[in-house]
Amino acid sequence: MDSSVPRFPVTYKSLSLDIKGNKTDVVLCSYDDHFLVIATQIGAMGTILHARKEEGVSIEPTFNVSAVFGKRDEPMLLACARQLIQDISISGSSKSLVISLGLKDHSAETLKGVVSAVIENRLW
Amino acid sequence: MAREEPDVEVLNEAISSALVFNDEVKDGGGVQITCFSEVVNDVALHFQILRLPKQIYVWIGCDSAKLGRIYAAAPTRPKDMISVTSILGGASDNTGAGIARRLVLKTGLNIILACNIPKNSPMLEADAEKMLVQKLIQLGYTRAKAEGSSS
């Protein structure tokens with residue numbers, strides 16, 4: 001074995017759960033400057049959103065959330081990304097979030113299920 | 001316990017030893033994650049391959065574990081022409097777009113690629129691409145092409 005091959009630097013976790021009867025695969029990865037979250041029920045990544053914290057002048061941070069691939073006008077997906085970037089910020093990390101949601105429905109119940117599954121298994 | 005089906009035992013053993021070919025493969029249900037690292041000319045290249053049923057996400061890290069630029073590439077109609085788009089970053093530096101495109105060309109897969117290889121390193125890009133394609137073929141993820149290896 002070559003002892004100079006470095007250890008793989010990315011921490012990741014993958015799990016599977018049931019949300020409203022749909023099998024949902026969730027993968028979380030922690031890179032140097034981003035967290036990546038993938039939640040899929042459709043076998044593909046689906047819509048990809050980018051969320052980041054903006055350090056402004058005021059004490060409260062503001063967050064910028066936008067869909068960068070896929071459905072651009074789904075408020076529930078934006079809300080999901082917003083909740084998670086806020087949770088990341090509260091935990092003290094200033095990394096950005098890339099989240100991909102390939103879900104069969106965009107109901108509040110489904111998104112809540114995704115958010116709680118991610119927070120339960122968070123890497124931050 | 002009655003040993004009336006020794007064949008099943010043998011079969012189970014054969015299957016489980018065939019599955020343990022790669023330590024870094026984790027199977028979280030419908031998702032298979034493969035990670036490996038190689039050193040090329042004193043540069044550490046890290047690869048993370050995430051296989052979903054209809055898509056593959058790949059991350060290539062060059063020394064650091066930054067996410068880098070993200071591209072989406074897939075064969076598109078008509079005639080299976082390959083389209084690539086930059087999802088994150090990639091405005092002034094599109095190192096990796098070529099890799100994404102050629103990955104789709106060689107494997108026929110729907111790909112999301114994240115890559116932090118610095119620009120102006122064509123040799124590094126080429127090495128990374130070669131290792132990646134080899135691994136994808138080895139894992140059996142590529143669609144049937146003329147010279148694909150049978151598994």
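This briefing covers the chain contact, the aromatic and charge-ring pairs, and the cysteines of the structure above. The model is predicted. Chain A and chain B bury about 2,600 Å² between them, with A:F8, A:Y12 and A:Y31 losing the most area on the chain A side. The structure holds 0 disulfides over all chains.

- The size of an interface is often given as the accessible area lost when the parts come together.
- Here that area is about 2,600 Å², and 72% of it lies on carbon and sulfur atoms.
- On the chain A side, A:F8, A:Y12 and A:Y31 together account for 23% of what is buried there, and these residues lose the most area to chain B.
- Chain A contributes 33 residues to the contact, and chain B contributes 32 residues.
- Between chain A and chain B the count is 0 salt bridges.

**Aromatic pairs**

- Over all chains there are 4 aromatic pairs.
- One of them is formed by A:F8 and B:W59, whose rings are 6.0 Å apart centre to centre, with 90° between the planes, an edge-to-face arrangement.
- A:F8 and B:W59 are both buried.
- A:Y31 is also involved: ring pairs link A:F8, A:Y31 and B:W59 into a cluster.
- Two members of this cluster, A:F8 and A:Y31, are also among the chain A residues that lose the most area to chain B.

**Charged ends over rings**

- In chain A, the charged end of A:K95 sits over the ring of A:F35, at 4.6 Å from the ring centre.
- In chain B, the charged end of B:K135 sits over the ring of B:F36, at 4.8 Å from the ring centre.

**Cysteines**

- The disulfide count over all chains is 0.
- A:C29 is in no disulfide, and the nearest cysteine sulfur, in B:C35, is 7.7 Å away.
- That distance of 7.7 Å compares with a cut-off of 2.5 Å for a disulfide.
- For A:C80, the closest cysteine sulfur is that of A:C29, at 16 Å, so the two are too far apart for a bond.
- A:C29 is buried, with a relative accessible area of 2%.
- A:C80 also counts as buried, at 2% relative accessibility.

Notes:
Residues are numbered from 1 along each chain as its sequence is written. Chains are lettered from A and ligands numbered from 1 in the order in which they are written. This is a predicted model: local features need pLDDT of at least 70, side-chain atom pairs count only at pLDDT 80 or more; totals for chains, interfaces and linings use all residues. Side-chain values use heavy atoms; hydrogens and water are left out. Rings of Phe, Tyr and Trp (its six-membered ring) pair if their centres lie within 6.5 Å; planes under 30 degrees apart count as stacked, over 60 as edge-to-face and the rest as tilted. Buried means under 20% relative accessible area, exposed over 50%, partly exposed in between (1.4 Å probe, protein chains only). A charge sits over a ring if NZ of Lys or CZ of Arg is within 6 Å of the ring centre and within 35 degrees of the ring normal. Contact means heavy atoms within 4.5 Å. Buried area is the accessible area (1.4 Å probe) that two parts lose on being put together, summed over both. A salt bridge is a side-chain nitrogen of Lys or Arg within 4 Å of a carboxyl oxygen of Asp or Glu.
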